[in-house]
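Colleague: I would like to learn how to read a metal site and a sheet in a model. Could you take me through both?

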Amino acid sequence: MITLEQLKQSSDRIKKIRPTYEPILDFYDKVFLAQEQSRQDIVLSPIVIEPDLLRIKQKNNLPLIDPSEFLIDVTAAGRLFDTICDLAIKFAPKLSSSARCLKTATSSSSFDLEALFSAIRDNQDAVLQDLAKRLNVPENDLVFLGYTSIAPSIQVCSEQLTPYLTGMPELGKGYCPICGHHPDMAFLDSEGKRHLKCCFCAHEWATKRIGCAFCGNNDPELQHYFFTDEEKEYRVNLCDHCHHYIKVVDLRQMDRAFYPRLEQITTLHLDIKAREKGYIDSGALTNEDSIE
Ligand SMILES: [Zn+2]
Ligand SMILES: [Zn+2]
């Protein structure tokens, strides 16, 4: 875990080397800070997995829980939602009208924030579509603001569950051993070992160094990558078997502390390039494109 001071330094460093991201980072710096502060206030009882159930999960290589089992501190998430809407109104031009609309809605009884939070957690697309229509905001904005607010709760639960993974075999395929969601980023640690990061609960797990992070394909003819000399810390892996791509951060090439979400949103140019080449991402819930 990096400190808030390191996070600020990393963000300042990126603004310097890639100034196009400065406006978006002016917003995200404050969002990250608000999320880290919100974490301190979270009160949740631990999720317990009974030994019999744990054995079944282990034996069948299943994730520990279904995402719907994540607990949300609705009070903390509600406060964070309000803060992030305020930040969006001031610092994120493309989000500001949705944020204003949602802030007004939260003060009326017609909009139940808890229902939004559970619909995002449980991936209830029809509910979200319906809610977005009723509130007259784009569904992407609604999901972005809602997910950003519940992320600290989800991460607290995920960290609390991590000890249950002790002794579990390394998963061959690309899903989170805690919640089963896809990875949205990979990184190579100081020893060159590859890890994947969950798009939903932010859990990081070690995985095989080679092969597609999604389908496990290992055929050198089908596995490609691209990178640029100016950004030696990034590589994008492309799979011609399942047509997914994943961004890989090489921590051995980094001149700053690693905060995955920060690197994620300041590499949108790599997402664009990968998509232009015809590859798709993991379909992660938190698509930042609308914020740019
Ligand atoms: Zn996860
Ligand atoms: Zn693949």
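The dialogue below takes the metal site and then the strands.

Modeller: This is a predicted model, where local features need pLDDT of at least 70, side-chain atom pairs count only at pLDDT 80 or more, and totals for chains, interfaces and linings use all residues. Residues are numbered from 1 along each chain as its sequence is written, and side-chain values use heavy atoms, with hydrogens and water left out.

Colleague: Which residues are the protein donors of the zinc ion (ligand 1)?

Modeller: Donors are N, O and S atoms within 2.8 Å of the metal (3.2 Å for Na, K and Ca); water is not among the atoms, so sites may look incomplete. Here the SG atoms of Cys 176, Cys 179, Cys 198 and Cys 201 lie 2.3 to 2.4 Å from the zinc ion. Their spacing in sequence is C-x2-C-x18-C-x2-C.

Colleague: What geometry does the site of the zinc ion have?

Modeller: Ideal angles for four tetrahedral donors are 109.5 degrees. Four donors count as tetrahedral if all angles lie between 85 and 135 degrees. This site has angles of 100 to 120 degrees among its 4 donor atoms and is tetrahedral.

Colleague: Is Cys 198 buried or exposed?

Modeller: Buried means under 20% relative accessible area, exposed over 50% (1.4 Å probe, protein chains only). Cys 198 is buried at 1%, and Cys 179 is buried at 4%.

Colleague: How many bridges join strand 4 to strand 5?

Modeller: Strands are DSSP runs (E, at least two residues), numbered from the N terminus, and two strands pair if DSSP finds at least two bridges between them. Strand 4 (residues 223–226) and strand 5 run antiparallel, joined by 4 bridges. Strand 5 also pairs with strand 6 (residues 245–250), in the antiparallel sense over 5 bridges. Asn 237 in strand 5 stands opposite Tyr 225 and has Ile 246 as its bridge partner in strand 6.

Conventions
Chains are lettered from A and ligands numbered from 1 in the order in which they are written. Four donors count as tetrahedral if all angles lie between 85 and 135 degrees; four count as square planar and six as octahedral if opposite donors are over 155 degrees apart and all others between 65 and 115; anything else is irregular.
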